[in-house]
Amino acid sequence: MPVLIGVSLISFLLVRLIPGDPAQVILGELATEDSIAQLNRQLGLDQPWPIQYFNYLLGIVQGDFGLSLTQNTPISDEIWIRFAATAELALFAMLIAMVVGITLGVLSARFHNTWFDQLMMIIALAGVSIPVFWLGVMGKLVFALQLNVLPSIGRENIREPVDPITNFYLIDSLLAGRPDQFVSVFEHLLLPAIVLSSIPMAVIARMTRSSMLEVMGLDYMRTAKSKGLRDFTIIMRHGLRNAFVPVLTIIGLQVGTLLGGAILTETIFGWPGIGTYLYDAIQARDYTVIQTGILLVALAFVLINLLVDLLYAAIDPRIKY
Amino acid sequence: MKTKSIVKITAVCAAMGLSLSACATSGDPDGSTNGEGSGKDTLIYARAADSDYLDPALSTSGETARVSGNVVETLVNFDFDGSELKVTDTGLAKSWEASDDGTAYTFELQQGVDFQDGTPFDAEAVVYNFERWKKGSGEFPFYPAEFGGYGDDGNITEINAVDEHSVEFLLEEPDALFPNSLAVTSFAISSPKAIEAGTNNDHPVGTGAFEFVNWKPNDSITLKKNENYWKDGYPKLDQIVFKVITDPSARVTALSTGEVDLVSDLNPVDIGQIEDDFNVMYRPPLNVGFLGMTVTRAPFDNVKVRQAMNHAVDQQALVKSFFYGKAEIATNPYPSTMEGYNDQVQPYAYDPDKAKSLLAEAGFDKGFEMDLWAMPVSRPYMPNGQKVAEMIQAQLGEVGIKANIVSYDWATYVEKVEAGEADAFLLGGTSSNGTASGILDFQFKSNALGDSNYIRYKNPKLDDILNQVQGAVDPDDRVALLEQAQQIIHDEALWVPLVHSTPALASVEDLVGVNPLPTGSEHLATAYFE
């Protein structure tokens, strides 16, 4: 809680310290000194900042995030939609990252020091080194432009838009009884999610591998093997379960980072998410959107870490709260 | 034993991966070949930025006008006849008359026209809309920009409904080009009922060819056909979806894959790769991109130095490299598509030697050092300011001038230039109402100093000439005054005029009837797929 208050105060102040005036940006090339002053009065920006901050907090407590300075519409209308868009992408990307990353990590540990291990680690290195925007643009070039098997932009087929209910389009398309839309949404998710997953996948793979190697060297693992248990059981039940805690920490941090704005991926694929929402707001000096956006991202990060802490207890009976 | 396990596990993973991708790759996604009935009645139009409002009166953004101009209509329309931008009677006013002294205008309105909510369009509706803006206090930025101020500060003293289908406007000072102002989309007539209900910015209601359906912010706006549109046989399309794709290369890619049908603000460098398979259209220029020199900062207070700068810059090379050869080289502050263009003005030729000798005459035979400001964003008159600045920097180097390139993000850039902090800077402008005054007054009149008069120029003689233009009812008088103004601006070498750009759009080849206007939007009522 204090973290959140601190974040809201700091973002409120920082944003106002940046040179540049929202009224100027709104009015553009038609701005005159008079019109800027008038607009500032109208937007409530001429009041002393402690009063502005107080009004803002008051609103948040009541669930009212206020109005966007540049669009004059309630922020709460749009911010959830954008958040859901990024969340859907981030979760899908994390799913890919976890499945691929953990598999690679486990296999590498199991076949430690073989050609397989080396190969998997090279793949992981590539994942963390290749710039996301390069991967994204290349992906579009090959799969969208040249092979024409995947779409290049957006969350959905523009000609057959999804009826947003939860704003998670995979769910919404099923709710509307449109399996064709489900497939289309899935296709739109695939490329950006794979691109976004490249770094987390690599990090998770390496962490899983090293954690597994540590665990596999422990005595109880030798005991399990000498008991004659099958390879698979040894690795999964005894090995991974115990190696998983540090991996879970990594996963939690990665989700937080992705939610914070997968902005490069969102820009390349025209994904209407919170990353581009915040970026546009910063360009336009839309103070209210920036403050609220940062606060929300911080909130998400806090919640995810809380969830991770709770999961520790579920996985490791030694951990109690 | 080990190898068998590896093979088994890898095989399982590979199978999973393949089946997943087979599920996904169901052939050509999103193309207009998908599904019956989609694609040929619906136009997907990709643009660079979203609207900022739905009610165009609240906005100065060309993107807002692009969408809203299809839902609400103005009394007067712009049209381009091939050589000049003119106002036409194809709008809500079928004719108009001006008093001899240019202070009173009467407009005859089209009859039998309804708003999309069923209420009638009549003179009262026009009066209602104008009174709304006149009584404003900051929320309608185009009103004071065109008419001088709100309420009594502005030039419009009265708006009266003479009868059900005629409106008269009474002006304090004569304005020969008053109808041009009325063609600006911000002065389109919305339904008074919707304005009263306070919903006009959530669900705009007008008389236009298309009705508003929905807005997904920063994603898309959907319009559908107005079945009761007053122009018979129009519109031809059933639906238009305006999709936001900010990155220009992503926009072009979406056109190439068939995900969209029409894109605006094409990056000149992308034109080459699509012009064989797609229809590329160019807007006639209504803008200017220039290198401004702040005349209050040495050495740009010396006219010889400014003239030397003009001789040092090779505009041809700029156009070739960064505008795909498609922009016009600028000699005057506005292009020949606008009234009063002075074609007698002799451009400063690209002549580095002449530049050097002028600099020597001014006392700078060793050259000098300066800051050259460039914007980091793409503007319609300058898609790539940074690169243009680099080329100019090199050209200035040839004559002994050392230019350092300076940049700030767009909002800060404009603010600092207006504050007079830049030695020389790249900027530009579009005339919003199609008139020469729309550029000249903003850039060179002393009362705009500190605002849009970026170079901080103060010349009472020029002020006087520009003031007279507005009141000159006779077009010949106006042209004479404008030509004089352009000659002064040229002789004083206030700018290095660079280009009049022709922003490009591209569409699939079977889309016809898109009429790109110099003002930055297009009449989509006439568009259809062959």
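Predicted model: local features only at pLDDT ≥ 70, side-chain atom pairs only at ≥ 80, totals over all residues.
Side chains of opposite charge can pair when their charged atoms come close. A search of the whole structure finds 25 salt bridges over all chains.

One salt bridge joins B:Asp261 to A:Arg159. The closest N and O atoms of this pair are 2.9 Å apart. The contact crosses between chains. On the chain B side, B:Asp261 sits in the loop between helix 7 (248–257) and strand 11 (262–266). On the chain A side, A:Arg159 sits in the loop between helix 7 (132–146) and helix 8 (169–175). B:Asp261 has a relative accessible area of 3% and is therefore buried, the limit being under 20%. A:Arg159 is also buried, with a relative accessible area of 11%.

A second pair lies within chain B. B:Arg283 forms a salt bridge with B:Glu522, and their closest N and O atoms are 2.8 Å apart. This bridge links distant parts of the chain, as the two residues are 239 residues apart. B:Arg283 belongs to the loop between strand 12 (279–282) and strand 13 (287–293) of chain B. B:Glu522 belongs to strand 22 (residues 522–523) of chain B. B:Arg283 is buried, at a relative accessible area of 5%. B:Glu522 is buried too, with a value of 5%.

B:Arg297 lies in the loop between strand 13 and helix 9 (303–312) of chain B. B:Asp423 lies in the loop between helix 13 (410–418) and strand 17 (424–430) of chain B. The pair therefore ties together parts that are 126 residues apart in sequence. B:Arg297 counts as partly exposed, at 28% relative accessibility. B:Asp423, in contrast, is buried, with a relative accessible area of 12%.

B:Phe442 is found in helix 14 (residues 437–444) of chain B. At 22% relative accessibility, B:Phe442 counts as partly exposed. B:Phe442 and B:Thr296 are 146 residues apart in sequence. In space, B:Phe442 and B:Thr296 are 18 Å apart, C-alpha to C-alpha.

Definitions and conventions: Residues numbered from 1 in each chain as written. Chains lettered and ligands numbered in written order. Heavy atoms only, no water. Salt bridge = Lys/Arg side-chain N within 4 Å of Asp/Glu carboxyl O. Helix = DSSP H or I, 4+ residues; strand = E, 2+ residues; numbered from the N terminus. Buried < 20%, exposed > 50% of the residue type's maximum accessible area, 1.4 Å probe, protein only.
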